[in-house]
Amino acid sequence: MKRIVINNYQIGLVMKNGTYQRMFAPGAHWVWNAEVKLYDTTRIFIAPVDLNILLQDMRLAERLEIIEVQDNELALHFQNNMLKQVFVTGLHAFWKSVVPNRFVKVDISQTEIDVTLEKSLLAHKLLAPYIRSYTIDSHERGLLFVDGKFVKVLESGIYQWWRNAITINVAKTDTRQLQMEINGQEILTRDKAALRINAWAQYRVANIEKALLENRDYEKQLYVTLQLALREYVTGYSFDELLERKETIAPHVIDAVKVQAEVLGLEVGGFGIRDIILPGDIRDIMNQVLVAEKKAQANVIMRREETASTRSLLNTAKLMEENAMLWKLKEMEYVEKLAEKISTISVTGNGALMEQLKQIFVNK
C-alpha cells in the first residue's frame, strides 16, 4: 500500500499496467500496486491514453472541458484574452479551473478570413503558419486568382487568406510612369538614306485587367507598336524633309500608337528622338555642306562690311569737297600719322623749302 496526497488544484489519475483505473480528487488516498499521475489543473491537460477512454469516467469528464475541432477548422485557445495555443482537427481537453479559458473556432475551408478577427492577431506567431499574406505597395495594383479564376482587382494594401487546399495567385504590376528605350533602329528614308535612330517612350499601366488578362507581354507589344509607327513616319519623307520636320516625329508617333496602347491597357505619355545617326558618307557630305554654308555666310558679312566702308569713304569725300577746312584737317591728320613714324627730320635747302612747307600747313 502507498499513501498519495493530492493537493488543491491537482488531479490524480490512477494507472495500472498502462490502463486507466480511476480519478483521485484533492485529498489523501491509498493505492496498491498502481501508479498515480498528478496533473496541475491550471495547465493544459495532456491525456496519458486515448481521450475517449478517459471520458468514460463521468467524474473525470465533469472536470474537463472538451473542444472538438472538425476538419477545415482551427480552435484558438485564449487565456486572459491572450492567445496561448492553436489546435487543429481532433479532441482537445482542458481542466476546468480558476484560470478562464476561451475558445474561438474558425472555418479555414474558405479563403476569406472572418473580419471579426483582429489584424494584430493574424500576425501572431502561433497563427501565422495557417495564413498566407500578400502585400501590394502603394505604386502597384494586383489581380486576384482563386483556383486559376480571376476574382477581382486588388488595390494597394496587405491581404491575408487562410492557408488551405485552395490555390491563390496574385499578379502585380507597377502603375508608375515607366520608360522604354528604342535603340538602334535602322530605317531607310524615302530617298533611300539609311539612318540609325535612338528613341525613348514614357508609358504607364492605365487598365490592369486589359494589360494582364487580355494581353501577354504588353511591354513587347508596345515596343513593336512604337517601332512600326516610327518606321512608317521616317519612310514617308526624304532625308532633307525629315531633318526639317524632326520636331513633328514625336506627336505623330504618340497619335499613331494611342489606340493600340488603349487596347493594351496602357497610356503613352511621351516620346522623343534621342539620336539620329547618319552613315559615314552622308555625314561627310553634311559636313561639307555645313562648311560651305559657313563660308558663304562669312563672304556675305565681308561684302557687307566692305560696302559699308566704301559708303563711309564716299560720304567723307563729299563733305571734304564741300568744306575746305575739313579737307585741311584731313591733311593734317595724315601728316600726324606720318609724323608718328618719323623719329628725326633733317631740313636742308634754301628759302624755297620753307615756302613749300608754309603752303602745306597754312590755309590760303
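Helices (at least four residues) and strands (at least two) are DSSP runs, numbered from the N terminus. The structure is a predicted model.

**Exercise 1.** Determine which element gives the most to the lining of the largest pocket.

*Solution.* Begin with the pocket itself, whose volume is about 220 Å³. It is lined by 13 residues, and Glu112, Ile113, Val115, Lys119 and Gln160 are the closest to its centre. Next, list the elements that give two or more residues to this lining: helix H3 (119-122), strand E13 (149-154) and strand E14 (157-162). Among the contributors, E14 gives the most, with four residues.

**Exercise 2.** State how the residues lining the largest pocket divide into nonpolar, polar and charged.

*Solution.* The lining holds eight nonpolar residues, one polar residue and four charged residues.

**Exercise 3.** Identify the element that supplies the largest share of the largest nonpolar core, and describe the surroundings of Phe271.

*Solution.* The core comprises 33 residues, and Phe271 is one of those with the most contacts inside it, as are Leu222, Leu226 and Leu230. Elements giving two or more residues to this core include strand E16 (178-188), helix H5 (218-234), helix H7 (249-263) and strand E18 (266-277). The largest share, seven residues, comes from H5. Turning to Phe271, set aside its neighbours within four places in sequence; its contacts then include Ile182, Trp200, Leu226, Leu230, Ile249 and Val253.

**Exercise 4.** Which residues does the second, separate core include?

*Solution.* This core has 14 residues, among them Phe78, Leu83, Leu117 and Leu121.

Terms used: Residues numbered from 1 in each chain as written. Predicted model: local features only at pLDDT ≥ 70, side-chain atom pairs only at ≥ 80, totals over all residues. Heavy atoms only, no water. 1 Å grid on protein atoms, 1.4 Å probe; cavity = no way out; pocket = protein on both sides within 12 Å on 5 of 7 lines; lining within 4 Å. Points joined across faces, edges and corners; volume = space filled by probe spheres on them. Nonpolar A, V, L, I, M, F, W, Y, C, P; charged D, E, K, R; others polar. Core = buried A, V, L, I, M, F, W, Y, C linked by side-chain atoms within 4.5 Å. Buried < 20%, exposed > 50% of the residue type's maximum accessible area, 1.4 Å probe, protein only. Contact = heavy atoms within 4.5 Å.
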